[in-house]
Amino acid sequence: MDTKHIRISDYNYNLPDDRIAKFPVTPRDHSKLLLYNHGKVGEDIFYNLPDYLPKGALMVFNNTRVIQARIHFRKETGALIEVFLMEPVVPADYEQMFQTSGSCSWLCMVGNLKKWKEGTLRREFHIKGHALTLEASLRRGDSLTAEQLQKTHHSGGTNYWVDFTWDNPNVSFAEILEAVGELPIPPYLNRPTEESDKTTYQTVYSKIKGSVAAPTAGLHFTDKVLAEIDQRGIVRDEVTLHVGAGTFKPVKTEMIEGHEMHSEYIVVHRHTLEHLLSHNCEAIAVGTTSVRTLESLYYMGVHLHFHPDASEEELHVNQWAPYDGNRNGGLAEGVTPQQSMQAILSYLDRNSLDALHSSTQLIIAPGYEYKIVKMLVTNFHQPESTLLLLVSAFVHGDWHTIYDYALNHDFRFLSYGDSSLLIP
């Protein structure tokens, strides 16, 4: 299959607005679970998921945590400006960013940009019993260095460089976001963020701050379900992929060749690679973000297999790496997933690292051959989305069977909707 020439219109279906879940079910593990097993479809309740998982398997979760990434400023003219944090740039490391004090810089989307042509935005509030002023300044193209301009284009070209400063060095940026930031629930919910979203739009195992959207397949898990997974001898491990707003970016081109995937930051620890090797490099992925992380690992390892001294930047996975014979894809033939994971472990050893830090733009679409993921837990995705392409590739094109069943059996769709377990 010529993946680049897939017509996105072939992945459309009718999704009535009343099928989009505006809120999750309570408790969260009482959502419905569609079961797709080698072409056969059935259903159950999510809390019974462990019954369908093979004993001794490896199950991989994305432990990212959604940040309160939406900050509103009001100009003296009364205009409301929304600054939506997308990716940290100074410092670029997520952990350092949230601990930093005094100043920082982010790539941001800006709402009502035409009203912010110049000047500094200010927002005054109280934190720890003290008054604090947060200021935001926009850097235009002529005030950016060549490297900074490249950074904005690398993120997709729609983001702007914003410098933040605040007048209390004892307050971290994480504390500022907790005080004035707003949790960015998906735009298709068509409602304001509510206090309950601060809990329900986070997975119970979320740890590492950085996402602007939740890895929603994980929203169904409870501590009780996780405990039952453990009792069945299934090994749980975690990766980190910070989900960007690009996950909601519609495919606007007729063929997917013209769609630019967003770049996302990933972290994979040594123990995860070791677990993969001990499980024959086969895993059950919770969510499409875990899928993209695990499958991207393969191409990073392929590059290191042939270029052991590659830099961290050179490990970035281009969106077309598996398809067009370029740097990673062209070398992949003949390299096993085991060789790939071992190459990454050797890289960590040589550089005295405990974790691999990299990024990926990988697009998974029909024509893609999965290397690591053998079972997938995932929600029901938007029509004509890259996430639906990923699912179609996983079930060898049989996505209509799954979505027709879900539509005809009262399943709830999208982020707060029901879930599925897919076994191709």
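**Figure 1. Asn280, in the loop between α6 (270-278) and β14 (283-286).** This is a predicted model, in which local features need pLDDT of at least 70, side-chain atom pairs count only at pLDDT 80 or more, and totals for chains, interfaces and linings use all residues. Residues are numbered from 1 along each chain as its sequence is written, and side-chain values use heavy atoms, with hydrogens and water left out. Helices (H or I, at least four residues) and strands (E, at least two) are DSSP runs, numbered from the N terminus. Asn280 is not a glycine, yet its phi is positive, about 60°. Most residues other than glycine have a negative phi. With 44% relative accessibility, Asn280 counts as partly exposed. Here buried means under 20% relative accessible area, exposed means over 50%, and partly exposed is in between (1.4 Å probe, protein chains only).

**Figure 2. Asp410, in the loop between α11 (399-408) and β17 (419-423).** Asp410 also has a positive phi, near 60°, in a residue other than glycine. Its relative accessibility is 60%, so Asp410 counts as exposed.

**Figure 3. Two cis peptide bonds, Thr26 to Pro27 and Val90 to Pro91.** Most peptide bonds are trans. The bond from Thr26 to Pro27 has omega near -10°, and Pro27 is placed in the segment before β1 (32-37). For the bond that joins Val90 and Pro91, omega is about -5°. Pro91 is found in the loop between β6 (80-90) and α1 (94-99).

**Figure 4. Helix α7 (residues 288-306) against helix α9 (residues 337-350).** The axes of α7 and α9 are 7 Å apart, and the helices pack at an angle of about 70°. Axes are lines fitted to C-alpha atoms, for helices over the stretch in contact, and angles run from 0 to 180 degrees between N-to-C directions. The two helices α7 and α9 are therefore roughly perpendicular to each other. Angles under 35 degrees count as roughly parallel, over 145 as roughly antiparallel, 65 to 115 as roughly perpendicular and the rest as oblique. The crossing of α7 past α9 is left-handed, a term used if the near helix is turned anticlockwise from the far one by less than a right angle (right-handed if clockwise). On the α7 side, the contact (heavy atoms within 4.5 Å) is made by Leu297, Tyr298, Met300, Gly301, Val302, Leu304 and His305. On the α9 side, it is made by Pro337, Gln339, Ser340, Met341, Ala343, Ile344 and Tyr347. Sorted by class, the contact of α7 with α9 has 10 nonpolar, 4 polar and no charged residues. Ala, Val, Leu, Ile, Met, Phe, Trp, Tyr, Cys and Pro count as nonpolar, Asp, Glu, Lys and Arg as charged, and the others, Gly among them, as polar.

**Figure 5. Helix α6 against helix α9.** The axes of α6 and α9 cross at roughly 150° and come within 10 Å. That makes α6 roughly antiparallel to α9. The crossing of α6 and α9 is left-handed. Residues Arg270, Leu273, Glu274, Leu276 and Leu277 of α6 meet Gln338, Met341, Gln342, Ile344, Leu345, Leu348 and Asp349 of α9. The contact of α6 with α9 divides into 7 nonpolar, 2 polar and 3 charged residues.

**Figure 6. The largest nonpolar core, with 83 residues.** A nonpolar core is a set of buried Ala, Val, Leu, Ile, Met, Phe, Trp, Tyr and Cys residues joined through side-chain atoms within 4.5 Å. Tyr201, Leu294, Leu297, Tyr370 and Phe413 touch the most other members of the largest core. Helix α7 gives this core its largest share, 8 residues. Not counting residues up to four places away in sequence, Leu294 touches Val60, Leu276, Ala283, Ala285, Ile372 and Val373. A second, separate core has 38 residues, including Ile71, Phe73, Ile81 and Ala245.

**Figure 7. Ser211 in strand β11 (residues 208-211) and Thr240 in strand β12 (residues 235-241).** Ser211 has 0% relative accessibility and so counts as buried. Neighbours within four places in sequence left aside, Ser211 is in contact with Thr64, Arg65, Val66, Ile67, Leu241, His242 and Val243. Thr240 is buried, with a relative accessible area of 4%. Residues up to four places away in sequence not counted, Thr240 touches Asn62, Asn63, Thr64, Ile208, Tyr265, Ile266 and Val267.
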